[in-house]
Amino acid sequence: MKKSKVLAFACCAALTFTMIGCSSSSDSDNSIDSTESGGEDMTTGLVTPSSENVKQLGRTELIDDTLWVALSGAGIDFSYTGTKLEVTLVGDGAATVSGNDTNYARAAIYVDGERVIDDMIDNAEETYTVFESDEAQTVNVKIVKLSECAMSTFGIKPLSVGDDGSVTPTEEKERKIEFIGDSITCGYGVDDENENHSFSTATEDVTKAYAYKTAEALDADYSMFSISGYGIISGYTSTDEKVSAQTIPQYYESLGFSYNSFASTTQPQSIEWDFSKFEPDVIVINLGTNDASYCGSDSEKQDEFSAAYVEFLKQVREDNPNAAIICSLGIMGQQLYSSIEMAVYTYTNETGDENISTLKFDQQDSTTDGLAADWHPTEATHEKAAQKLVEQIQSVTGWE
């Protein structure tokens, strides 16, 4: 599902889209030392995507002059003023493997809220002209990683703003929400409404999933930590064997998780996340769907899950002392919901922390709303889940 590289909008001035293609290694000569230049080089028209210049979405990491993004929904948001803006995205190891179609990172670029680029990063570097006008204009630009972290990541190189151009960070919103989840939060298969089809990053779109929709509905900044197939004590399994390598708690305090590396040297799980960079008002945990494949109806396994959930809640609270925590489950099965309720009850009794609640999502209705790849929720199901979550968040926060 590789999208056509065509600019999809127009304004009063002529706007064009081109892809310059793979850049040569000489591009590195234009790198910026942000510590000396403040992230902007007026002689070359390049601006480093640092926090001083752009609003960074989700968990990101600036390495040299390139901002690396791994997790679903991560990226940047900024205001651009000028006549021509070019964006260069850098692929990781997955991008240079021929025939790796199901694992390439998927990226979207928006101008004034309209998606103008939707592409799979299948080259070491790709450069896009995302805005061009005869006269200087001010537009909002947002770059979002649509696909999840495990299979691939990408980097955002210094923005080419032109000789007359400039960028400023988009203003931070008053509300902040963090979402912790699995494939459902990632938007797994949402662009492929055929339950018999398998995984592909090309059919993932986090902006069509319940978490992103919830943040949009509440006008909140967001951060997501979600990996398909992962759980609290076990990843998805079709046997009785626990998949302990695929669990969220072991990676939660890092930048993310990926089988590939930033700049071929650094994996996101090796970078410790600084929780002061994003302090959420609300944290939504939507885990347990994959654990259910291991626990089944075995009461001992369910108790193990519940006990581990308590420990994860303590970890999340230590890292986020002020956030209201909502523990949810149910879109793809409600089997472990009572175990989550028990975990929340036990956690509250042990800690005295009452800034926590549970939410049972309605299970997806395939007759009414259909199914996406590998029996995952469609956008219609995600929309219903978002509406229910919005009501829960409003109830615990008083937000309108």
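I began with the contact pattern: of the protein's contacts between residues at least 6 apart in sequence, 74% join residues at least 24 apart. I am keeping in mind that this is a predicted model.

Next I looked up the overall make-up and found eight helices and 17 strands. Buried residues account for 57% of the 400 residues. The exposed surface comes to about 16000 Å², with carbon and sulfur atoms supplying 43% of it.

Then I turned to α3, residues 210-217. How many of its eight residues are buried? I counted six, so I noted the helix as mostly covered. The buried ones are Tyr 210, Ala 211, Tyr 212, Lys 213, Thr 214 and Ala 215. They pack against several elements, including β9, β13, α2 and α8.

I took α8 (residues 379-397) as the partner to follow up. The two helices pack at an angle of about 50°, their axes 8 Å apart. That angle makes α3 oblique to α8. The crossing of α3 past α8 is right-handed.

Which residues meet there? From α3 I listed Tyr 210, Lys 213, Thr 214 and Ala 217. On the α8 side they meet Glu 379, His 382, Glu 383, Ala 385, Ala 386, Leu 389, Val 390 and Ile 393. Sorted by class, this contact has seven nonpolar, two polar and three charged residues.

One last entry concerns the backbone: just after α3, Asp 219 takes a positive phi of about 50°.

Terms used. Residues numbered from 1 in each chain as written. Predicted model: local features only at pLDDT ≥ 70, side-chain atom pairs only at ≥ 80, totals over all residues. Heavy atoms only, no water. Axes fitted to C-alpha atoms, helices over the stretch in contact; angles between N-to-C directions. Helix = DSSP H or I, 4+ residues; strand = E, 2+ residues; numbered from the N terminus. Parallel < 35°, antiparallel > 145°, perpendicular 65-115°, else oblique. Left-handed = near helix turned anticlockwise from the far one by under 90°. Contact = heavy atoms within 4.5 Å. Nonpolar A, V, L, I, M, F, W, Y, C, P; charged D, E, K, R; others polar. Buried < 20%, exposed > 50% of the residue type's maximum accessible area, 1.4 Å probe, protein only. Areas by Shrake-Rupley, 256 points an atom, 1.4 Å probe, with all protein chains shown as cover.
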